[in-house]
Structure formats: C-alpha cells, structure tokens
Amino acid sequence: MTIGIMGAMVEEIEPLLEFFKEYEVIEYAKNKYYKTNYKGHDVIIAYSKIGKVFAALTATTMIEKFGIEKLLFSGVAGAIDEDLHIGDLIIATKLCQHDLDITAFGHPYGFVPEGSVYVESDFLLNEFAKEVAKEKNIKLKEGIIATGDQFIADGKKKEWIRKTFGANALEMEGASVAVVADALKVPFMILRSISDAADMDAGFDFDEFLKSSAKNSADFIISLLDKVIEKS
Ligand code: 4EZ
C-alpha cells in the first residue's frame, strides 16, 4: 500500500520527517516529496504551501504521480466551537469552501454548478481515528471544517462561517484536498489541532501554538497510520 500524508506548512510535517528519519527526496512541480518505507508500506509526505490552490496541486500530485491509495492530512486550524481549545484535535466529517461565492446567481454559499457545498471524508478512516482516540484516551472531536484562502482573525467573520456552514473549525486547505481526493476516488481524512480561535488574537496565538499543535496532530497521524496498516 502507498499512503500519502500532507500538511500545508513545513511545521506541520516536520514532526513526521523527524519520526521517519530516513527518506528519499523527490523534487516535482516546485515542491519536495519525501518518500519513506514504514512497516513494509510506502509513505509519501509533503507540505503543499498555504491555501487551496497549492493544496489541490499537492493532493493531485500525490495521487496521480505517486499513486497514493489513502490520503491523510495533518495540520492546525482555528477553532469556531467554544469547546475546542488550543491543542485539541478535530477530524472533518465533511468540508466546504467558505470563500466560494456565486450567490449573485441565486446559488448558496460554497456551491458551484455540478459541485456540492460539502464533500464527505472517508467513513472508515474516521472510524480508525476514533478507535485510536479511544484506545489512547485522547479527546477527538468530529465536525465540519470550513476552508478558504483567508487567515481568519475576526470574530464576526468566524460567526458568519459558523452560521452559514455549521462549521466547527476553519483552515485554508482541507476542502480543496477533499474535492481532489473525492473526484479521484482516494479515501481521505483531514485532522487538525487547534492553534487559535480565529478571533482578534488569532495571529498572536497562531505564532505561539503552531509548533505544539502541529506536533499534536502529527503524533496522532502516526498512531492512525499504525491502525490503517494493522487493519488493511
Ligand atoms: C491554514 N492554516 C493557517 C496558515 C497561516 C501564517 C503564515 C491553519 C489555520 C488557520 N487558517 C490556523 N488558524 C487559522 C485561522 N484562524 N484562519 C485560517 O490552513 C499562515
């Protein structure tokens, strides 16, 4: 089996590279892909750079060039829900693009013709994640993640995203990875650890908690990888 693990920022994959220690570096499409073997399975790791376009490029490359059969995303997010605190983990049941707007033509926010507002992640991978959380006694929330090409640092904007999409957390890549993986029929899951509350303190909190929250997410991904390998 070949499994892809992606993040958006170098900080989001650094703990993974440190864990796997040895890997081959393949340069492609202005990015680096790190290839390693873990328990007899190929693992491809990369960070895309921030935002939906770069994330879509990396997800597509992982699938079409490297032949990954499952895609795991690890990273940080801004919390929308009050019960999500710095370092907490959330997996997306489904994802949407909060900045996709052709409402001028009577369409709902996040929708374009022949697309859908929400893209669902893989049921089985999410079940594996929940099993890992239960076994390790880690708090793991499931919810809707909203994605857009904006760092949200404004309570009003956050509130709008919550009420428009019912979203529980927000970030800048998940939904684009979801669109790609869903279209190319590759099971995927999106895991995020909270770095800030997408409010006026978000920039400051993000800088302070990026590394520790990214590590929380990456550590969980390694346990999940063990579970995926064990169950398949
Ligand atoms: C994007 N990622 C943030 C990248 C920020 C600064 C140099 C996650 C994220 C996020 N995205 C954490 N908090 C966020 C927030 N408040 N709004 C959007 O995926 C790069």
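Modeller: Gladly. Bear in mind that this is a predicted model. Rolling a probe the size of a water molecule over the atoms shows where empty space is left. Here the largest pocket holds about 220 Å³ of space.

Colleague: Which residues lie closest to the centre of the largest pocket?

Modeller: Val-76, Phe-151, Glu-171, Met-172 and Phe-206, out of 19 lining residues. E5, E9 and E10 are the elements that give two or more residues to this lining. By class, the lining divides into 11 nonpolar, three polar and five charged residues.

Colleague: Where is the ligand relative to the pockets?

Modeller: The space the ligand takes is the largest pocket.

Colleague: How many residues surround the ligand?

Modeller: The shell has 17 residues. Val-76, Ile-152, Met-172, Glu-173 and Asp-196 are the closest. Three strands each supply at least two shell residues: E5 (70-79), E9 (169-171) and E10 (188-196). In the shell, 10 residues are nonpolar, three are polar and four are charged.

Colleague: Now the polar contacts. Which atoms should I look at?

Modeller: Look for pairs of N or O atoms within 3.5 Å. An N or O atom in the backbone of Ile-152 lies 2.8 Å from a ligand nitrogen. For Met-172, a backbone N or O atom is 2.9 Å from an oxygen of the ligand. Then take the side chains. Asp-196 places a side-chain N or O atom 2.6 Å from a nitrogen atom of the ligand.

Colleague: How much of the ligand does the protein bury?

Modeller: Compare the ligand alone with the ligand in place. Alone, the ligand exposes 490 Å². The protein buries 85% of that area.

Colleague: What lines the second largest pocket?

Modeller: Read it the same way: volume, lining, elements, classes. The second largest pocket has about 180 Å³ of space. Its lining has 14 residues, with Gln-97, Gly-115, Ser-116, Val-119 and Val-179 nearest the centre. Strand E6 (89-97) and helix H5 (174-183) each supply at least two of the lining residues. By class, that lining has eight nonpolar, four polar and two charged residues.

Conventions. Residues numbered from 1 in each chain as written. Predicted model: local features only at pLDDT ≥ 70, side-chain atom pairs only at ≥ 80, totals over all residues. Heavy atoms only, no water. Near = heavy atom within 4 Å. Polar contact = N/O pair within 3.5 Å; in protein donor to acceptor, adjacent residues only side chain to side chain. Areas by Shrake-Rupley, 256 points an atom, 1.4 Å probe, with all protein chains shown as cover. 1 Å grid on protein atoms, 1.4 Å probe; cavity = no way out; pocket = protein on both sides within 12 Å on 5 of 7 lines; lining within 4 Å. Sits in = over half its atoms within 2 Å of the grid points. Helix = DSSP H or I, 4+ residues; strand = E, 2+ residues; numbered from the N terminus. Nonpolar A, V, L, I, M, F, W, Y, C, P; charged D, E, K, R; others polar. Points joined across faces, edges and corners; volume = space filled by probe spheres on them.
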